[in-house]
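Reader: I would like to learn how to read a helix crossing and a chain contact. Please start with the terms.

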Amino acid sequence: MYQQNLKMGQRAAQAVLALLLGAGCFLSLLPWGRALTRSAFLLPALISASEPAPLVVAGDPVRFRRVTISSTNGPVFLDIYEPTTPPPLIPGGREAIIDVVGVGDNRHVPQLVNLSRSFAHEGIVVVNVSTPTLFQYKVSARDGEAVVQAFELLERWPGVDPHRIGIIAFSAGVTPACVGAADPRIRDRVAFLAVFGGYFDATSLLGTIGRRAQVIDGHTQPWQPDSTPLYALVSTVSSLLSPTDNKLLRKAFPVNKIGPPLTAQQQAQLSPDATAIYHLLKGDEPGNVDRNLTVLSPQMKALLIQVSPVSVIDQIRAPIQLLHDRNDPSIPFTQSQKFAAALARIHHPYDFAAYSIFSHVEIQSNLGLEKLLSEGTKLFQALYRILLVGS
Amino acid sequence: MLMLSLFWLLVGLLIGILANAAKLRSAWVRGGSVGMLGLGALVALLGGWLGTLLLGTLFATATAIWITVLGVALLPWPLTWCNAWLRSRSSPTP
């Protein structure tokens with residue numbers, strides 16, 4: 001009996017050693033294994049919104065620097081997070097990620113800093129792109145130039161493999177990111193484009209805001225936007241409005257809070273364009289949304305198309321990943337559904353994942369274990385696809 | 001790197017224990033089972049540093065693990081042979 005137990009223990013130890021040999025080889029020698037290792041380190045960093053000790057100990061030390069470059073559309077502010085160590089011999093060059101964050105100055109948002117540092121700990125060079133236009137809560141297709149400039153800079157960056165540069169767009173960063181990814185100068189070399197909580201069509205976004213409802217899988221659900229998209233839309237169309245229109249609309253839709261409705265006298269001072277925009281953003285005429293969209297001037301309609309990814313989708317070559325929270329209060333989930341449907345129509349490679357652990361693009365705190373397990377798996381898959389590029 | 005190096009030594013010791021349990025040890029050194037732990041720790045440390053050089057620190061532990069398993073499985077035989085050869089050289093000829 002003792003001999004038999006001894007033999008079983010020996011066999012078990014041999015099996016464990018064989019397993020360790022296989023797992024070790026897979027996780028270090030094969031690109032899929034390396035991407036899996038990276039995802040396993042990165043997922044806790046995202047979910048906990050902090051840098052976990054194993055990642056800090058096992059990962060590369062990180063250096064931060066802020067660089068300003070110039071483009072035809074003005075200065076471009078780049079926050080660069082990069083490993084301080086030389087790139088490893090295998091695979092030779094580092095992956096690089098261009099983050100295009102949304103409107104406002106998000107450079108110091110803790111979760112963005114944490115994400116950037118975590119990627120850099122994993123040996124990836126991260127560049128967060130900002131522009132004066134985005135700082136002013138404006139969305140402009142011309143900011144695509146900033147993405148092109150950042151991409152071309154990274155192609156020359158020491159240690160970066162020019163074939164492993166991807167773009168991640170957050171929220172309203174989707175416009176510069178898509179316009180940049182569609183630019184003929186770089187579009188054939190963009191490794192991937194990931195869009196997190198972005199919109200697809202500004203006109204239909206305005207329609208959803210006006211109705212205060214979105215249709216998901218055939219069911220109409222109430223949807224209440226927060227103040228940021230309202231302020232950003234006013235800022236974006238401000239160049240086509242008179243000073244009076246701008247003054248009144250900014251009063252009705254201030255930054256970071258819901259403003260009081262305009263009085264009848266104030267509404268009477270608005271131009272037809274501004275009146276339609278006001279009712280769409282205020283959501284006080286949900287039955288008149290189509291009419292309010294129709295009365296917009298041709299210039300306004302053209303601008304809304306210009307700032308929408310729909311206008312450049314057929315010129316993007318990179319595979320696209322769409323990530324969106326089902327209860328996103330800033331950009332309705334249906335925008336990513338429309339994006340995915342359009343990509344499917346033109347047979348563009350894409351992947352679409354819906355979540356319920358984010359508040360717009362930031363992870364919620366105090367998530368339950370069950371939710372973490374189910375949503376964490378989906379997030380892990382998305383990370384794996386992003387990290388496979390550089391593995 | 002000090003923390004990682006200590007961790008790899010620990011991993012090597014654990015793999016050495018497993019190798020002893022798996023009866024991978026032969027009569028290659030005096031005090032065999034302790035020698036196997038030492039071999040595991042040494043190979044894990046070297047494997048970790050090699051992994052860092054080739055693949056980066058993030059994959060160094062995985063590299064250390066498979067190199068150590070290979071080391072404790074394969075190295076005892078050449079070591080036994082070396083040991084026997086050294087003994088035969090040092091023993092007085094009749």
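Author: A crossing is left-handed if the near helix is turned anticlockwise from the far one by less than a right angle, and right-handed if clockwise. Helices are DSSP runs of H or I with at least four residues, numbered from the N terminus. This is a predicted model, where local features need pLDDT of at least 70, side-chain atom pairs count only at pLDDT 80 or more, and totals for chains, interfaces and linings use all residues. Residues are numbered from 1 along each chain as its sequence is written, and chains are lettered from A in the order in which they are written.

Reader: At what angle do the axes of helix H1 of chain A and helix H3 of chain B cross?

Author: Axes are lines fitted to C-alpha atoms, for helices over the stretch in contact, and angles run from 0 to 180 degrees between N-to-C directions. Here H1 (residues 2–29) of chain A and H3 (residues 60–74) of chain B cross at roughly 140 degrees, their axes coming within 8 Å. H1(A) is therefore oblique to H3(B); angles under 35 degrees count as roughly parallel, over 145 as roughly antiparallel, 65 to 115 as roughly perpendicular and the rest as oblique. The crossing of H1(A) and H3(B) is left-handed.

Reader: Which residues make the contact?

Author: Two residues are in contact if their C-beta atoms, placed from the backbone, lie within 7 Å. On H1(A) they include A:Leu17, A:Leu20 and A:Gly24, and on H3(B) B:Ile65 and B:Trp66 are among them.

Reader: How many residues does each chain give to the contact between the chains?

Author: Chain A gives 25 residues and chain B gives 23. H1(A) gives the most to the side of chain A that touches chain B, with 12 residues.

Note on methods: Helices (H or I, at least four residues) and strands (E, at least two) are DSSP runs, numbered from the N terminus.
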